[in-house]
Amino acid sequence: MRGAAVDRGAAPAEFAMLAGLVSVLMLAVMQLAFGLHLHNTATAHVVEGARVGARADSTPADGARRAEELMASSLPGGASGVSVTSSRTTVGGIEVVEVSATMRLPIVGPLGPGRQMTVVGQAFAEDQ
């Protein structure tokens, strides 16, 4: 009985401490999910750009333009701060079109200072 009397009133303090910790963990998981979403979306766009640039009737520059269009329509903030390049290169003796995009990986949601993230897409060049 004496121990229960000592613990009386501790629940609100315990809840306050755990609620803060759980909130920080939840925000960290949300930030990780947001970063992965941006990475996967940008990767899908540069792969699509590489496919467009690798067609027999187009150039790698067409692929870079397509990747920029897709990023402008789907990423937060459009294509601002995104640098897209394209080139022809050889991988394992096979000529491919490579489209790469460098963009800011936000640290706090879509805002805040961020680090650079580069994603690369390659496609078999059809005109070889």
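Leaving aside its neighbours within four places in sequence, which residues is S86 in contact with? In this predicted model, the answer is P60, A61, A64, E98 and V99.

S86 sits in strand β1, and with a relative accessible area of 26% it is partly exposed. From S86 to G121 the C-alpha to C-alpha distance is 9.5 Å, although 35 residues separate the pair in sequence.

The chain has a mean pLDDT of 87, with 90% of its residues at 70 or more. Here are the two ends of the range among its elements:

| Element | Residues | Mean pLDDT |
|---|---|---|
| Helix α1, lowest | residues 2-7 | 68 |
| Strand β1, highest | residues 83-91 | 95 |

A friendly reminder goes with such values: where pLDDT is low, predicted coordinates should not be read in detail.

Now to the helices. Helix α2 (residues 10-53) packs with helix α3 (residues 60-74) at an angle of about 150 degrees, and their axes are 7 Å apart. Because of that angle, α2 is roughly antiparallel to α3. The two helices cross in a right-handed sense.

Which residues of α2 and α3 make the contact? From α2 come T41, A42, H45, V46, E48, G49, V52 and G53, while α3 brings P60, D62, G63, R66, A67, L70, M71 and S74. Sorted by class, this contact holds seven nonpolar, six polar and three charged residues. P60, listed here for α3, is also one of the residues in contact with S86.

Conventions: Residues numbered from 1 in each chain as written. Predicted model: local features only at pLDDT ≥ 70, side-chain atom pairs only at ≥ 80, totals over all residues. Heavy atoms only, no water. Axes fitted to C-alpha atoms, helices over the stretch in contact; angles between N-to-C directions. Helix = DSSP H or I, 4+ residues; strand = E, 2+ residues; numbered from the N terminus. Parallel < 35°, antiparallel > 145°, perpendicular 65-115°, else oblique. Left-handed = near helix turned anticlockwise from the far one by under 90°. Contact = heavy atoms within 4.5 Å. Nonpolar A, V, L, I, M, F, W, Y, C, P; charged D, E, K, R; others polar. pLDDT = per-residue confidence, 0-100. Buried < 20%, exposed > 50% of the residue type's maximum accessible area, 1.4 Å probe, protein only.
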